[in-house]
Amino acid sequence: MSASKGRDDVAVQRFSEQFGNLLAESGWPRMSARVFTATLFSESGRLTAAELAEQLQASPAAISGAVRFLLQLHLIAREREPGSRRDIYTVHNDAWFESILQQDKALARWDDVLRQSLKAAGPETEAGQRIAGTLAFTEFMSLEVAGMLDRWRTYKAEHNL
């Protein structure tokens with residue numbers, strides 16, 4: 001056990017690996033899942049690429065690819081301490097919120113392209129019908145995500161998170 005407020009490092013490591021496996025089973029690239037959970041479950045929420053490589057017994061290239069994926073999803077952030085050339089990867093408490101917020105913005109861009117595609121394909125064609133169905137789904141998701149994010153803000157405030 002670590003001296004840090006009763007933290008059981010062995011159990012934390014085990015649960016980190018378990019959660020990483022669950023993310024991988026749900027479609028995440030395995031190394032990205034491992035990097036995310038290692039950072040999420042770390043005491044500080046901050047790890048360098050070298051620390052990740054050592055902890056996960058992975059190559060710098062594997063860490064780099066995993067980090068790139070997580071940065072695109074806005075689940076981790078890259079920071080640099082003044083005067084240092086080393087990147088530090090962090091998971092903030094609102095990582096999931098930020099990721100969903102970015103995905104919501106992506107859905108809006110998808111809607112624009114799908115509308116243009118629908119016009120080009122023709123709404124009466126088979127392709128147009130598939131595109132219309134996809135557009136309806138992304139519009140619905142945009143509405144739901146916006147409401148969900150508002151409800152999260154309320155929930156978070158009510159529970160002092």
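This dialogue walks through some features of a predicted model.

Biologist: What kind of model is this, and what counts in it?

Modeller: It is a predicted model, where local features need pLDDT of at least 70, side-chain atom pairs count only at pLDDT 80 or more, and totals for chains, interfaces and linings use all residues. Residues are numbered from 1 along each chain as its sequence is written, and side-chain values use heavy atoms, with hydrogens and water left out.

Biologist: In what order do the three strands form the sheet?

Modeller: Strands of a sheet pair through backbone hydrogen bonds, either parallel or antiparallel. Here the three strands make an open, antiparallel sheet in the order β1-β3-β2. The edge strands are β1 (46-48) and β2 (77-80), and each pairs on one side only. From one strand to the next, the twist averages 35°. Two strands pair if DSSP finds at least two bridges between them.

Biologist: How many bridges join β1 and β3?

Modeller: Three bridges, in the antiparallel sense, with β3 spanning residues 87-90. Take L47: its bridge partner in β3 is Y89.

Biologist: How do α1 and α2 cross?

Modeller: Their axes come within 8 Å and cross at roughly 145°. Axes are lines fitted to C-alpha atoms, for helices over the stretch in contact, and angles run from 0 to 180 degrees between N-to-C directions. The crossing is right-handed. That term means the near helix is turned clockwise from the far one by less than a right angle; anticlockwise is left-handed.

Biologist: Which residues of α1 and α2 meet?

Modeller: On α1 they include V12, F15, F19 and L23; on α2 they include A33, F36, L40 and F41. Contact means heavy atoms within 4.5 Å.

Biologist: How many aromatic pairs does a search of the whole structure find?

Modeller: A pair of aromatic rings is described by the distance of the centres and the angle of the planes. The search finds six pairs. Rings of Phe, Tyr and Trp (its six-membered ring) pair if their centres lie within 6.5 Å; planes under 30 degrees apart count as stacked, over 60 as edge-to-face and the rest as tilted. F19 and F41 have ring centres 6.3 Å apart and planes at 35°, so this pair is tilted. F19 sits in α1 (residues 9-25) and F41 in α2 (residues 30-41), 22 residues apart.

Biologist: What kind of pair do W28 and F69 form?

Modeller: An edge-to-face pair, 6.0 Å centre to centre, with 65° between the planes. W28 is in the loop between α1 and α2, while F69 is in α4 (residues 60-72), 41 residues apart. W28 counts as buried at 16%, and F69 as partly exposed at 25%. Ring pairs link W28, F36, F69 and W96 into a cluster.

Biologist: Which residues other than glycine have a positive phi?

Modeller: Most residues other than glycine have a negative phi, and most peptide bonds are trans. Among those with a positive value are Q57, with phi near 50°, and H74, with phi near 65°. Q57 is in the loop between α3 (49-56) and α4 and is exposed at 68%. H74 lies in the loop between α4 and β2 and is partly exposed at 37%.

How values were computed:
Helices (H or I, at least four residues) and strands (E, at least two) are DSSP runs, numbered from the N terminus. Buried means under 20% relative accessible area, exposed over 50%, partly exposed in between (1.4 Å probe, protein chains only).
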